Amino acid sequence: MIDAAQRVTNLEAIYAGQSTGSDDHSFSSMGYNVVLAIEPNPRLNPNYHRSSDIPDNINFEYMTRIVRMAAAGIGQVENMPSPVAIDHIYDVGDGQSLQVVWENDCQPDYLYKVLYGIQWGLYTDTVDLPAGECICNITGLTEGQIYYVAVMPINAGGHSPIVLKESGWVSWVNPRVPFDFAADPDTGRIILTWQPNQELDINHYRLMRKDTASSWRVLMDNLNDIIFIDHTPEPHMAYGYYLIAVDNQGNESQGSPVSNAVMATFDGGILFVDETRSGTSNPTEAQQTAFYDSIFTGTPYFKYNIDNSNVRLSRSLAGQYSSIFWIDDDLASKQLAGSLDSLQWYLGYNGNLFLAGLGTFDWISGATSFLRNNFGILGVIGNQAGDFIEATGVNGWPSIQVGTGKLFSGAIPWIATFDTLPGAQVIYTYNSQSFNPALTGKPVGVAYDTPHGKRIALSFPIYYLTESSAQALIAKALNYFGEAGNPRPYGDANGDGFVTMVDVFSLIDYLYRNGSLPSDLNYADANGDCIVNIRDITYIIRYLFKGGPAPVAGCVHQ
């Protein structure tokens, strides 16, 4: 605009900075690039924003010069090339050179200038390139110093763009740490992925691995891809991995952050996710444990507490179990969101999911695809009234009743009803204390048999049911999932449903490091001599690695 004013008018145009308070703002707020041309101090004009602002009081000669300036400015912008977006800035790897590439914005008839400097927007050096050349090597740089780079195109008319797009990068001698390195479990394997290094002299990657019983070792060297599949993990063993980048001169990066994973087996019975926080208005942890132990009636399960946003269900944990029972009877806190990604991953295999809670489905009602695809639920109809006293079981499911003597006694609020899709089997319907016809008989529980496992969705809590009806419900769910006959193996000291080196470490912690007491010492008494000691540790090791006999039932008097 300033250049146009100088070319076609005698205006003294001044760049005054940014503004958000005039008529241009409505265009700016919609994403348009705008320029505001205005008198230096319009409030000195006696007609500004007054009823006297009429044609007779307009300075048309002055207005004409402003229109000429605007028209010429628009014409100048129209003749300018578009700003160049740099595709990549690569580190050459010698500590003093960068390679700048903009092939996506390359025009064969444009000249290019590569501008760079050590301050944002302040360029002290220039490299001129011939027409159509869109790769530039910048040399003579200082190692470890960030350089800011912009590419200025010049079209056949000699015009350059009104703005430049800037990027920054640094040159180092040693390779950078590989980034976005991740270990993800899969059936029979662990998949390692990472992003490619941006140095031009990267030669290969070195992958390191350790498990809970060994130290770090090289798993694979001379990797030239950005994915590696480890087919050698042992079931139920946790593995740690990290990655090193190596350049052509043999220089090595520091190791990436360690990523841990356990190969998915989906064979460990029941994972019980308890999302109910302890205390305040909720039951204590001891009350919850006693109730859930009772309603699972001896069926083994591994309990995992998620009671704050920092705790999430991992794929490695979920992938160890054939069924997940997720119960969220918390009054206020809802933590399912942090674990939805892992749950979606789990449900893509053949795992079963039981999901129940107090207000849980009201909270996730916006996740329509999750509800539709996994539970056959088309919609969730919220209801805040404290009117739910029981649910009638249908299609062979036992009826349940609300218990007494707890926070909710006799009637429970926030029990949503479901609008279901064809194929979703209604297993529970709402019974209203007030006989409300809008609620009575509406679905509050569905079972859904999918190609990737079975699902149960219940919009009512479990803890606040009578113990006997909750027992009958869980027994039916276990039978539906085919989990009723999966006993806990002896030697499983930590209660996760498996006998692994983790049980050895759990016993070592208990015996020698003041670790927590095993939930049932008879499962820790692996050799059956009625005492838990070092002999049980060696017994389990012989069983796992030397073909020794399987652990037996203990006889400890707790």
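**The disulfides**

Analyst: The torsion about the S-S bond of C106 and C134 is about 75°, so this disulfide is right-handed. C106 sits in the loop between β2 (98-101) and β3 (111-117), and C134 in the loop between β4 (125-129) and β5 (135-138), so the pair ties together parts that are 28 residues apart in sequence. Helices (H or I, at least four residues) and strands (E, at least two) are DSSP runs, numbered from the N terminus. The model is predicted: local features need pLDDT of at least 70, side-chain atom pairs count only at pLDDT 80 or more, and totals for chains, interfaces and linings use all residues. Residues are numbered from 1 along each chain as its sequence is written, and side-chain values use heavy atoms, leaving out hydrogens and water.

From S to S, C106 and C134 span 1.9 Å. A disulfide here is a pair of cysteine sulfur atoms within 2.5 Å. By this rule there are two disulfides.

C106 is partly exposed, at 25% relative accessible area. C134 is buried, at 6%. Buried means under 20% relative accessible area, exposed over 50%, and partly exposed in between (1.4 Å probe, protein chains only).

The other link joins C530 to C555, S to S 1.6 Å. Its torsion about the S-S bond is -105°, and the link is left-handed. C530 lies in the loop between α11 (521-524) and α12 (534-545), and C555 in the segment after α12, so parts 25 residues apart in sequence are tied together. C530 is partly exposed at 42%. C555 is also partly exposed, at 25%.
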